[in-house]
Amino acid sequence: MFTFFGNNSLSYLQQEDDSRENMVSFRLAYIFSYNLLQFCGHTWILTNTIIRFFTFGQDATVDTFYAVGLVMSLCQLFSILELFHIADGIEEAKLLPRLIQVLEKNLLLIMLILLEEFQSKPVVCVQLFFWNILDLLRYSHEVLCAIDTPFTVMLWARYTLWIPVYVLSVITEGVTIYQATLDIAQEASAMQNSTDSSPSQQQFILTASLPLLALGASFTVWQLLKERQHQLERWTKKTKRK
């Protein structure tokens, strides 16, 4: 009898271990596929943007957003899943900084989609360029981490180079919002005899978003510096062990 219960207990424990291993394998495959998909999407966008610039020159800024906007919107829409990754423990990261970054990009993309005439501005191309550089640095590192093969250069790019590029991206976002505000103000002045108040409402919302952008970016940079220090200490300990 004791042997019977013992065998059952061992069998149950083995099944539970197998279930956990399958779950870990599924999560690993999922997070690898997600990061690889994002990496491929942003690689296509950046390659398309660079080729268009060298082919058409400055004229490429007129319809660059039209050419890559759909893929960019899909990539940023899927990035909302990263909040669930962090909450579920699939990805090790701080939730609030990632939430700020996701909101920054998605809300600005919504603004660009709504303001069709603004999409041809050169600042929009610069903004897309910085967004793609940021995401390529991050997703390439995440892909390597998923297969447990990170190396020093990518670690440095992800946690050191990423910070100044993010600051430049936020500055470009501020310039984009400011220029959009000026365009809406000009449109409002041209519609003085109109009773439509939507341009002034849009101008107020965009103006109010600038200090929120600065506040959120400052908090994110502070968290990124802390994360960089943590990763540096972790890498130093790992190197000393070897």
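Modeller: Lining the second largest cavity are H42, C75, Q76, S79, R98, Q101, V102, K105, D135, R138 and Y139. This is a predicted model, in which local features need pLDDT of at least 70 and side-chain atom pairs count only at pLDDT 80 or more, while totals for chains, interfaces and linings use all residues. Residues are numbered from 1 along each chain as its sequence is written, and side-chain values use heavy atoms, with hydrogens and water left out.

Colleague: What makes these residues the lining of a cavity?

Modeller: On a 1 Å grid over the protein atoms alone, a cavity is a set of points where a 1.4 Å probe fits but cannot get out, and lining residues have an atom within 4 Å of a point, so H42 and Y139, among others, are counted in this lining. The volume of this cavity, the space filled by probe spheres set on points joined across faces, edges and corners, is about 70 Å³. Helices are DSSP runs of H or I with at least four residues, numbered from the N terminus, and α4 brings the largest share of this lining, four residues.

Colleague: How many cavities of 30 Å³ or more are there, and which residues line the largest cavity?

Modeller: The count comes to three, and the largest cavity, with about 110 Å³ of space, is lined by A93, K94, P97, R98, Q101, R138, R158, W162, Q223, L224 and E227. Its lining divides into four nonpolar, two polar and five charged residues, where Asp, Glu, Lys and Arg count as charged, Ala, Val, Leu, Ile, Met, Phe, Trp, Tyr, Cys and Pro as nonpolar, and the others, Gly among them, as polar.

Colleague: What is known about the second largest pocket?

Modeller: A pocket is an open set of points with protein on both sides within 12 Å along at least five of seven lines, and the second largest pocket has a volume of about 560 Å³. Of its 19 lining residues, L107, L108, I205, L206 and S209 are the closest to its centre, and α4 gives the most to the lining, with eight residues.

Colleague: Why is F78 called partly exposed?

Modeller: Buried means under 20% relative accessible area and exposed over 50%, with partly exposed in between (1.4 Å probe, protein chains only); F78 has 42%, so F78 is partly exposed. This residue is found in helix α2.

Terms used. Helix = DSSP H or I, 4+ residues; strand = E, 2+ residues; numbered from the N terminus.
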